Amino acid sequence: MRIVLLGPPGAGKGTQAVKIAQAYGLAHVSTGDIFRKNLREKTALGKLAQSYMDKGQLVPDDVTISMVEDRLAQEDCAKGFLLDGFPRTLAQAKAFDDKMNVDMVIEIEVPDELLVTRMSGRRMCKCGATYHVSMLAGKTTCEKCGSALYQRDDDHEATVKKRLDVYHRETEPLVAHYAAQGVLVTIDGTQGIDKVFADIQAVLGDARK
């Protein structure tokens with residue numbers, strides 16, 4: 001089973017990706033992880049990507065696609081994979097179509113207003129705990145370790161809105177692209193985590209490990 005997971009920042013893709021991969025025995029392929037691994041290990045592709053980054057340029061699609069292909073060729077992807085964070089653009093999707101077919105594209109749909117509330121209200125702790133201001137009742141310290149909570153730069157409201165603008169401009173066109181191929185399924189991401197996962201399981205059926 002080959003799955004692509006789509007959705008805007010804050011829609012819960014990362015959480016659902018882990019649950020899907022575990023339940024169905026799929027390799028969770030995150031492009032963020034791929035980039036970090038190639039850069040850290042200074043692979044040929046990593047060095048090539050770094051050369052563009054050092055110049056302040058975007059990494060070309062062919063380099064990104066090559067990294068993804070290299071990852072998908074690994075043994076743990078043989079029985080299926082879930083792509084999280086790729087493709088990001090219509091150009092990447094079309095290029096990937098020429099190399100590999102996917103069985104299903106799952107879009108987690110959440111309105112912008114809710115996403116802004118979700119992310120701008122998020123608070124983090126250095127121990128890894130995550131909170132939302134709606135549940136803190138004014139508290140500013142971590143329940144687990146007592147450290148001060150902080151807001152990530154990416155979670156400031158203005159930054160969240162910019163990230164959503166980029167998603168709508170660059171990634172959202174993939175929804176129509178995959179719908180035209182008949183492989184798109186849209187899931188209501190405004191629900192709780194368990195209900196979202198139950199809806200995903202309903203469309204994936206019994207293709208378990």
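A residue is treated as buried when its relative accessible area is under 20%. By this criterion, both Phe86 and Phe96 are buried in the predicted model described here.

The protein contains 10 helices and seven strands. Its C-alpha trace spans about 50 × 45 × 30 Å along the principal axes. A compact globule of 209 residues would have a radius of gyration near 17 Å, and the value of 18 Å found for the protein agrees with this expectation. Of the 209 residues, 39% count as buried. Among contacts with a separation of 6 or more, 69% are between residues 24 or more positions apart.

In soluble globular proteins, nonpolar side chains tend to be buried together. In the present model, the largest nonpolar core comprises 25 residues, and Val29, Leu72, Leu83 and Tyr178 have the most contacts inside it. At least two residues of this core are supplied by each of strand S1 (2-6), strand S2 (27-30), helix H2 (31-41), helix H4 (61-72), S3, H5 and helix H9 (173-181). The largest share, five residues, comes from H4. Apart from this core lies another of 23 residues, including Leu5, Leu82, Leu115 and Val160. Beyond residues up to four places away in sequence, Tyr178 touches Leu6, Pro87, Ala93, Asp97, Val102, Val105, Val183 and Leu184.

Pro87, one of the residues touched by Tyr178, is placed in the loop between S3 and H5. A cis peptide bond, with omega of about -5°, joins Phe86 to Pro87. The ring centres of Phe86 and Phe96 are 5.3 Å apart and the ring planes stand at 90°, so the arrangement is edge-to-face. Because Phe86 lies in the loop between strand S3 (81-84) and helix H5 (90-97), whereas Phe96 lies in helix H5, the pair ties together parts that are 10 residues apart in sequence.

A further arrangement involving a ring concerns Lys19, whose charged end sits over the ring of Phe197 at 4.9 Å from its centre. Lys19 is also in contact with Ile193, as are Thr15 and Gln16, when neighbours of Ile193 within four places in sequence are left aside. Ile193 is found in helix H10 (residues 193-204) and, at 48% relative accessibility, counts as partly exposed. The C-alpha atoms of Ile193 and Pro60 are separated by 34 Å, the two residues being 133 residues apart along the chain.

Lys42, in the loop between H2 and helix H3 (44-54), has a phi of about 50° and is exposed, with a relative accessible area of 60%. Ala137 likewise has a positive phi of about 50°; this residue is placed in the loop between H7 and H8 and is exposed, with a relative accessible area of 75%. Ser147 also lies in the loop between helix H7 (133-136) and helix H8 (157-171), but at 14% relative accessibility it counts as buried. Apart from neighbours within four places in sequence, Ser147 is in contact with Cys125, Lys126, Thr140, Thr141 and Cys142.

Key:
Residues are numbered from 1 along each chain as its sequence is written. This is a predicted model: local features need pLDDT of at least 70, side-chain atom pairs count only at pLDDT 80 or more; totals for chains, interfaces and linings use all residues. Side-chain values use heavy atoms; hydrogens and water are left out. Helices (H or I, at least four residues) and strands (E, at least two) are DSSP runs, numbered from the N terminus. Buried means under 20% relative accessible area, exposed over 50%, partly exposed in between (1.4 Å probe, protein chains only). Contact means heavy atoms within 4.5 Å. Rings of Phe, Tyr and Trp (its six-membered ring) pair if their centres lie within 6.5 Å; planes under 30 degrees apart count as stacked, over 60 as edge-to-face and the rest as tilted. A charge sits over a ring if NZ of Lys or CZ of Arg is within 6 Å of the ring centre and within 35 degrees of the ring normal. A nonpolar core is a set of buried Ala, Val, Leu, Ile, Met, Phe, Trp, Tyr and Cys residues joined through side-chain atoms within 4.5 Å. The radius of gyration is taken over C-alpha atoms; the globule rule is 2.2 Å times the number of residues to the power 0.38.
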